[in-house]
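Student: I have a protein model open and would like to learn how to read its features. Could you take me through it?

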Amino acid sequence: MRKLLLLTVLATLGFITFNTQAVDWEAEWIWKKERFTDPNSWMAFRKEVNLAETQDKTIAYISADTKYWLWINGEMVVFEGSYTGGPSPVKPSPRVDFFSIASNKYYDQVDITPYLKKGKNTIAALTWYYGDEGQKGTYISSRRGGFIFQAKAGNTLILSDDSWKINPHPAYDKKVIKKPPYRVAAWSIKYDARNDMDDWSAGAWYMPGYDDSQWQNARTFRPPPREPFFDLYPSEIPILNNYGLANCTNYPESAFPFVSDGETIECKLDFNKNFTPYFDIEAEAGQAIHITSNMRLNTIETFYTTKAGRQQFESYSWLNGRIIEYTIPAGVTVHGLKYRWTGVGSTPGHFESDDPWFTRIWQMAENTLYICARDNFMDTPDRERGLWIGDVADQASYLFYSMDQPGRDLLKKAIKVTMAFSDSESGIFAGLGPGRFRELPAQSLQFIEQGVWHYYYNTGDLDTLEYAYPYVHNYLTLWELKENGLATTRNGAWNWTDWGPQDTIDYDAIQNALYYSALVAARKMAVALGDSTHIGFYDQRIDSIKAAYQQHYWQDGFFSSDPEKFKDDRANAIAILFGLAEPSQYQQIVDNVLVPNQFASPHFEWMVYNAMAIAGRYDEALARMKTRYGEQVDNQERSTLTEYMTGKGTENHAWNAPSTVLSRYVAGIEPTSLAWQTYQILPNMAHMKRIQQRVPSVKGDIDFEISRTATAIQINLTSPQSTTATVGIPKAYFAVNEVMINQQSAWKRGEPVSALPGVSFIGEDDKYLRFGLAAGEWSISAKQ
């Protein structure tokens, strides 16, 4: 019966609540006529369209398996369009690891209005079919290359059909050998310029006037929905942000031209980025150029064979690094070395203080987050590019202090894809997807509270919560309660919890705390959805585990399932973080465990800082951060944070979130109601004298700055429309005698002075004088 109910839920919610086809597709999927598509195939398309008129808005709907680059009238419109993966499997199915399951596809929505003109227009696209899913499941191949384009310009309908011209790009070699460990779906580039089609020149195949008379007409595969591409759904995220070609810091324009001596050229970026490399050279034909990055675990390279004369080239398979390594034969004249930085949205978030060490680690964390955001949130851009949802949960903790709307949309995509590719038989959603199925219970539980609930609370996106909730509830029913009131243990496919020393991990205590946090989050989801069906289930388990956690794990000064073996900083931090510890226990936990024991890897380390801050131990939290991250932050060559606390592993790993404590507890900014309608700023400056924070909230940017002297505090706040802020003036530094708000006295000698527009005095406690502020610009001065 339970299996039947679960299948009904999945059928009615899991595969229908995605936005279904918003486009009435008349365009057809097109490709070359062939029995099957070879992996790593590159295909060029062209279409000429006469427009009697243009109109104010022309939106093109475009998709490809796997990637496309689009030009209109010779001008690049989209750089690397289409996203790997898909919104949902074609049908509910039992999931087996390494078993490929057919997926629906996304389409992009692109405003092409600025590129069109009256009369003849040339539309051209280069497409790249991966055909190799890699080992981490981020891409689900259709087993056939395909491209589709539809737009209405004025009265003219532009459709991909058999009138489009098509030609396999002769310069791209399909036969590329992947470097182990074969985890990345994308390929390295092997390009022979002697076979090009005048790419990167005024006579290129994508320019108007190019002679395509020898090209074939495309073969059509009928409009969607059609196997093997199935249904098309609007992409959750916009086209990548293209920052354009830029010079390396050590090779400005003035450095060119020069003649290569054959030694590897190290072209330095200003900080670690995801990029595509570019060069402009003059060479004899048949010479070999090699391009890679300084990342030890990078598997994407470029192998280029020159043609005779002046030539330009950009390698379209993105890679990551802070140094581009060009190996160019001796005697070749180099006229330019550049790179193109691309990413999802941008990072308007900002933190700085008068202690530059913390300014730097916050920026390093933000850089790491942005590098690990692309087709999906990923663990690292080098070794895997995998959608590990435990890493996503870590990313969510500082995403809302760093990234704009596309970042929030990327988290929504992670939630919906993870749930959609769950197992319809068991109710399990796995820690890695969409193409692989591998349950890591610790990551799945963490994802519920820190991923799904955190997303909803910060955005107010009820539709996504409604989509995710049935999966969340069904997964939580897989646990039972033991006679002692604690939850049973699930090992899943892998009971991995953290990369810290394995003999120090208190698995039982950690899983019970994570399960408790997921129950609490699921209860809040149910309330938000107005669904009381499972409230009794949650209440009974929440009460049981909280009481049993104290009874069985509290060891007179710390929590442990085996006090002779475990005194785990991870288990004790999340006991505070998730409300299992009582406030009266905080100081013992910090003193006995969180200060002396430093076992956590970055995956849990940020939660230790947050727990210490909740306990009011800001100085100790910041001191621990400096100890644990000191070597990385002090290394001026680095601009991202690594997989392990030692600085080893991948150089840019998603789960580093030390910046969360700085934004949420030191600057003190966090939402107090749904979607930042109300929020608070309760700064805890520790040793700092000045803090500045920008939060790109869903309501708009919050700009906050606080500075202090021995006798005065100055606060400046820009609060976005439709919000109300509670601002706390710290009382720790001197006895406040008067508070001025926008140059008017608001509080003096223990009493509010007079009513000011948009200002209310909320009250005071032993830490703060609290004022409520409406949206707007505020200047607050507190004096002794």
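Student: Which residues does UniProt list for "domain: Bacterial alpha-L-rhamnosidase N-terminal"?

Tutor: The unreviewed UniProt entry lists residues 57-224 for that feature. UniProt positions are given in the numbering used here, feature names are shortened, and annotations may be inferred rather than shown by experiment. Before we go on: this is a predicted model, in which local features need pLDDT of at least 70 and side-chain atom pairs count only at pLDDT 80 or more, while totals for chains, interfaces and linings use all residues. Residues are numbered from 1 along each chain as its sequence is written, and side-chain values use heavy atoms, with hydrogens and water left out.

Student: What are the helix and strand contents over residues 57-224?

Tutor: Helices (H or I, at least four residues) and strands (E, at least two) are DSSP runs, numbered from the N terminus. Here the chain is 0% helix and 37% strand, with the end C-alpha atoms 24 Å apart. By contrast, UniProt (unreviewed entry) places "domain: Alpha-L-rhamnosidase six-hairpin glycosidase" at residues 349-592, and that span is 55% helix and 3% strand.

Student: What is the strand order in the open sheet of six strands?

Tutor: Two strands pair if DSSP finds at least two bridges between them. The order is β5-β4-β7-β2-β10-β12, with antiparallel pairing. At the edges are β5 (75-81) and β12 (216-217), each pairing on one side only. Inside this order, β4 (residues 67-72) and β7 (residues 119-129) share six bridges, and Trp69 has Leu126 in β7 as its bridge partner.

Student: How many residues of helix α9 are buried?

Tutor: Nine of its nine residues, 569-577, are buried, and the helix is mostly covered. Among them are Asp569, Arg570 and Asn572. The cover, judged by contact (heavy atoms within 4.5 Å), includes α5 (441-459), α7 (507-528) and α12 (618-634). Just after the helix, Gly579 takes a positive phi of about 85 degrees.

Student: How many aromatic pairs does the structure hold?

Tutor: A pair of aromatic rings is described by the distance of the centres and the angle of the planes. Rings of Phe, Tyr and Trp (its six-membered ring) pair if their centres lie within 6.5 Å; planes under 30 degrees apart count as stacked, over 60 as edge-to-face and the rest as tilted. The structure holds 58 such pairs. One of them is Tyr191 with Trp200, edge-to-face at 6.0 Å centre to centre and 70 degrees between the planes.

Student: Why is the pair of Tyr401 and Trp676 edge-to-face?

Tutor: Their planes stand at 85 degrees, with the centres 6.3 Å apart, so the pair is edge-to-face. The two residues are 275 residues apart and link distant parts of the chain. Tyr401 is buried at 5% relative accessibility, and Trp676 is buried at 1%.

Student: Where does Lys273 lie relative to Trp341?

Tutor: A charge sits over a ring if NZ of Lys or CZ of Arg is within 6 Å of the ring centre and within 35 degrees of the ring normal. Lys273 lies over the face of Trp341, at 4.3 Å from the ring centre. Lys273 also lies over the face of Phe271, at 4.7 Å.

Terms used
Buried means under 20% relative accessible area, exposed over 50%, partly exposed in between (1.4 Å probe, protein chains only).
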